[in-house]
Amino acid sequence: MSTEVQNLPRVRASELVGRGWLNTGGHTVTLSELRGKVVVLDFWTFCCINCLHVLDELREVEEQHRDELVIIGVHSPKFEHEADPDALAAAVERYEVRHAVLDDPELVTWGAYTARAWPTLVVIDPEGYIVAQMAGEGHGSAIAALVGDLIAEHAAKGTLHRGSGPYVPPAPASGTLRFPAKVLALPNGNLLVADAGHHSLAELAPDGETLVRRIGSGERGLVDGGPDAARFSEPNGLCLVPDELRAHLGYDVVVADTVNHALRGLSLADGTVTTVAGTGEQFMVGGQENVGGRGGEPLRAYEPGTAVAPLDLRLSSPWDVAWSPVRGAFVVAMAGNHTLWEVDLLQGSAGLLAGTMNEGLEDGPGAGAWFAQTSGIVPSVDPEGRPDGHLWIADSETSSLRRVELSDGADGAPAATITTAVGQGLFDFGHRDGAAGQALLQHPLGVATLPDGSVVVADTYNGALRRYDPASGEVTTLAKDLAEPSDVLVEVADGAVHLLVVESAAHRLTRVALPASLAGEVLDGGAHRVARPATDVGAGALRLDVPFAPAPGQKLDDRWGPSTSLQVSATPPELLLSGAGSGTDLFRDLVINPEVAEGVLHVTAKAASCDQVPLLPNGEPDPDVFPACHLAQQDWGVPVRVVPDGDAGLTLPLRG
């Protein structure tokens, strides 16, 4: 099958069914009342970084066409915590979702539209027919082009109705903090908080409540300058610059400015903010536009062992930062493409430290390791409380705690080697203490170390603080009933240990006293798996198709090689007798093992396109017009069950 979309019969959109609605003032929305509007359904779940990227991609077209376009977020949860209606309401507020949201905890509407991945977008025309479905991120330009064409078409037909949609803005919230993300102890004894919901940094007194000053205007944006002029966009991680570097760099704190895809430097003396890494544009895995630096010269920076100027790099949702004396660089948890990066801000170089940009749980040397939304990072200490040069990370989408052993690369040793201490993978989570090999977390975002060398995990979706003891290999619970703890700071004074917890969903910092033993209690809240229905497939031949069609006004971009790629693997690997591996066609003939009853097919697809260049009167492309490039990409994890009468084909639309 080619990458072009086949002509299909017109299909009516299914009704929107769920538990309730948000951002509608209590009103239940039906498709019939949306007739005359272009409708985009955004199937999302609030844990998913790709879903958050799509929210940002849609903001511009949403504002541009408020009178003709209605976006409906269909929230179909992955994790158990995401099915909590209060947690969903908090997430809608946290991420500034400015459209109606359907709460679909039982995945009823998800199933009606045969969604198989987070995120999935479905476009419905003003007459109520489905005209496009696309999975993954990177479709912003395609949505804008398609919406524009549909508006023009139905305005001409008289089937377009302009006017306000069902969105009703919520009442504005107030308070010193709004969805705080991370906290840092400053040399003067104060606390610096990444106040993500206010798009700023808040310096608090040691009591964790009194506001000393705010750095950032509070408006979303990427602007350098003084404390009143600077702008952030949902900042997260904070890291003190080592004493010996501050005078050379001219700033004291490095900030992971997540939605701006940038690192910022903060001078504590006067509150000046400077961009120190990132162009402000998002890195897309495999996108040809990522190889162009500020001068347009090719950059081959996104491969291990290469390095370029930090300000020439496109980052992807940097979530946390830690200083590594072993590497002589800041290590960045790059949640958006499931990697770890190292940035030497003194020498002006940056490069990939670990990760393949594939999403999953694979240990080993950094060049082959797989992560999933690296979200928290902290230097580790030995049992005497001394830094040992290595790192602990919270890998949120695999619900895992992982260790990063670092070396200086001498004698050919890997710069980073990854091992998993706690966690099973993308689809297993829960609240279970005990032996680390059986223990379970649920989407942790933060991590810290205790004086005895053990590790505290901010187990975000379990609302708990968990402790992993490397000496015993045991996991215990230190505290529970917290409101989405996203970070934790260890405070030691007069022999007592307190944990300062960022309760993100409660908009506050909370201190928790630890018992003298530091041990915690053993709990078993059960194990869970992602509750998606399995797809029945037959043993033997299985045809995999990933339809893709360029957006209106675009064409496939093969200027730097094949425009499409497809990677297939399975869990367990024995599920596939053949068909695993990488290729450039968006179709694959797989062979399913009849001896394996069930498993998960992992499929990664990418397709590059670019805007068509206008032609001059002589028929030649206009040399003064440089086409914009776009990349669509998606990772699917498709649960399958092998049955005698199962399907012989599997279609996963990338854009079709």
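**Exercise 1. Helix α2**

List the buried residues of helix α2 (residues 85–94) and say what they pack against.

*Solution.* Begin with the terms. Helices (H or I, at least four residues) and strands (E, at least two) are DSSP runs, numbered from the N terminus. A residue is buried under 20% relative accessible area, exposed over 50%, and partly exposed in between (1.4 Å probe, protein chains only). Contact means heavy atoms within 4.5 Å.

Step 1. The buried residues of α2 are A87, L88, A90, A91, V92 and R94.

Step 2. These residues pack against β2 (20–22), β3, β4 and β5 (100–103).

Step 3. Now look at the two ends. At the start of α2, the backbone nitrogen of D86 has a side-chain oxygen of D84 within 2.8 Å. After the helix comes E96, with a positive phi near 50 degrees.

The model is predicted: local features need pLDDT of at least 70, side-chain atom pairs count only at pLDDT 80 or more, and totals for chains, interfaces and linings use all residues. Residues are numbered from 1 along each chain as its sequence is written, and side-chain values use heavy atoms, with hydrogens and water left out.

**Exercise 2. Helix α4**

Compare the reach of helix α4 (residues 140–157) with its expected span, then find its packing partners.

*Solution.* Step 1. The expected span of a helix is 1.5 Å times one less than its number of residues. With 18 residues, α4 reaches 26 Å from its first C-alpha to its last, close to the 26 Å expected.

Step 1. Its buried residues are G140, A142, I143, A145, L146, V147, L150, I151 and H154.

Step 2. The strands that the buried residues of α4 pack against are β3 (38–44), β4 (69–75), β6 (120–124), β7 (129–135) and β37 (554–556), and they also pack against helix α1 (49–64).

Step 3. G158 follows α4 and has a positive phi, near 85 degrees.

**Exercise 3. Aromatic pairs**

How many aromatic pairs does the rule give? Describe the pair F43 and Y113 and the pair F79 and F429.

*Solution.* Step 1. Rings of Phe, Tyr and Trp (its six-membered ring) pair if their centres lie within 6.5 Å; planes under 30 degrees apart count as stacked, over 60 as edge-to-face and the rest as tilted. The count comes to 8 aromatic pairs.

Step 1. F43 and Y113 are a tilted pair, with 5.8 Å centre to centre and 50 degrees between the planes. F43 belongs to strand β3 and Y113 to the loop between α3 (108–112) and β6, so the pair links distant parts of the chain, 70 residues apart. Both F43 and Y113 are buried.

Step 2. F79 and F429 form an edge-to-face pair, at 4.8 Å centre to centre and 65 degrees between the planes. F79 lies in the loop between β4 and α2, and F429 in strand β25 (residues 428–432), so this pair ties together parts that are 350 residues apart in sequence. F79 and F429 are buried.

Step 3. One aromatic cluster is formed by F43, W110, Y113 and W118.

**Exercise 4. Charges over rings**

Over which rings do the charged ends of R12 and R403 sit?

*Solution.* Step 1. A charge sits over a ring if NZ of Lys or CZ of Arg is within 6 Å of the ring centre and within 35 degrees of the ring normal.

Step 1. For R12 the ring is that of Y129, with the charged end 4.2 Å from its centre. For R403 the ring is that of W392, at 5.0 Å from its centre.

Notes
A polar contact is a pair of N or O atoms within 3.5 Å; within protein, one must be able to donate a hydrogen and the other to accept it, and residues adjacent in sequence count only if both atoms are side-chain atoms.
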